[in-house]
Amino acid sequence: MNGFESVATLAILFVRPGMLVLATPFLGSNYAPPQLRVGLMVLLTILLAPFVAVPAPLAVSGLVAVVAREMAIGLAIALAIRAVIVGAEFAGHFSGYQIGLSVGSLIDPITGVRNNIFAILYANLTIVICFATNAHHLVLRALVDSYRTLPIGLGGIDPGATAGVAALLGVVFVLGVRIAAPVIIVLLLVELALGLLGRVAPALNVMIAGAPVRLLLGLLVISATLLVLPSLVRTYVPIALRVAGQLAGGLR
């Protein structure tokens, strides 16, 4: 193998971990220094090089197909963690809307755009929990395992991959609803109580009087349910990785 072929081999091997680092929120965040991201990509490539078989040099059309497939597999693995974090953001949006703080927004340090206050809170807590529970180790193991089940090379697209996309969206919805469920239930009971109070005392302005009640009870419930967030993240990260494996498996 000459020098050019060695560089080409490393370049092909670089694609899958590179896409994983770029697309995983806690590895390739917009606010992470580019030098750190590139260094992590190169480090993963060097560590994987002795253990991963790279096919012989291909024609240009075949090389483009291999690179596109590698990018899709890396993106599929990264979507697992992104689905968990987006599910937490969904719960934050839901909770903020129920409490009445959906108008307030801040710059999200993950995406760099304006986002709901509670969505930012849940997303950043989820990232911290992912590191605390070694979810990044699971992601790296999934990357290594992907080379066993999906070696580098040409492949096709299985129509059943759409089921993996639907399953990932299901993870987002189910996780978001489970996180926000206590707030939804409590504030539904508050709305019922305020409705009955408005019927009993018509002179009372329920819309104005109920706003601080919703806010206070909503914040209390959120502070209490944050203790459950680590267990939900630990439960759903492996589930999301299995679903992502199903999605990547459609690229055999």
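Predicted model: local features only at pLDDT ≥ 70, side-chain atom pairs only at ≥ 80, totals over all residues.
I am calling a residue exposed when its relative accessible area is over 50%, buried when that value is under 20%, and partly exposed in between. With that cut-off, I185 counts as exposed because its relative accessibility is 51%.

**Overall layout.** I counted 8 helices and 2 strands in the chain. Read from the N terminus, the order is α-α-α-β-β-α-α-α-α-α. The chain has 252 residues, and 40% of them are buried.

I185 sits in helix α6, which covers residues 161–200. I jotted down the general rule for contrast: nonpolar side chains in soluble globular proteins tend to be buried together.

**The core.** Next I went inside. The largest nonpolar core has 62 residues, and the members touching the most others are F26, Y147, I152, I179, V233 and V237. Helices α1 through α8 each give two or more residues to this core. Helix α3 supplies the largest share, 13 residues.

**Helix α5.** I checked residues 135–149, which form α5: 15 residues, with 21 Å from first C-alpha to last, close to the 21 Å expected. Its buried residues are A135, H136, V139, L143, S146 and Y147. Seen down the axis, these buried residues fall within an arc of 140°, so they line one face of α5.

N134 lies in the loop between α4 and α5. I flagged N134 for its phi, which is near 60°, a positive value in a residue that is not glycine. Most residues other than glycine have a negative phi. N134 is partly exposed, at 37% relative accessible area.

**Salt bridges.** I found 3 in the structure.

- E70 and R16 pair up at 2.6 Å, N to O. This one links distant parts of the chain, with E70 in α3 and R16 in α1, 54 residues apart. Both E70 and R16 are buried.
- D145 and R148 meet at 2.3 Å, N to O. Both lie in α5, 3 residues apart, which is about one turn of the helix. D145 is partly exposed at 38%, and R148 is exposed at 61%.
- R214 and E191 have their closest N and O atoms 2.4 Å apart. Here R214 in α7 is linked to E191 in α6, 23 residues apart. R214 counts as buried because its relative accessible area is 13%, while E191 is partly exposed at 36%.

Methods
Residues numbered from 1 in each chain as written. Heavy atoms only, no water. Helix = DSSP H or I, 4+ residues; strand = E, 2+ residues; numbered from the N terminus. Buried < 20%, exposed > 50% of the residue type's maximum accessible area, 1.4 Å probe, protein only. Expected span 1.5 Å × (residues − 1). Arc of directions from axis to C-beta. Core = buried A, V, L, I, M, F, W, Y, C linked by side-chain atoms within 4.5 Å. Salt bridge = Lys/Arg side-chain N within 4 Å of Asp/Glu carboxyl O.
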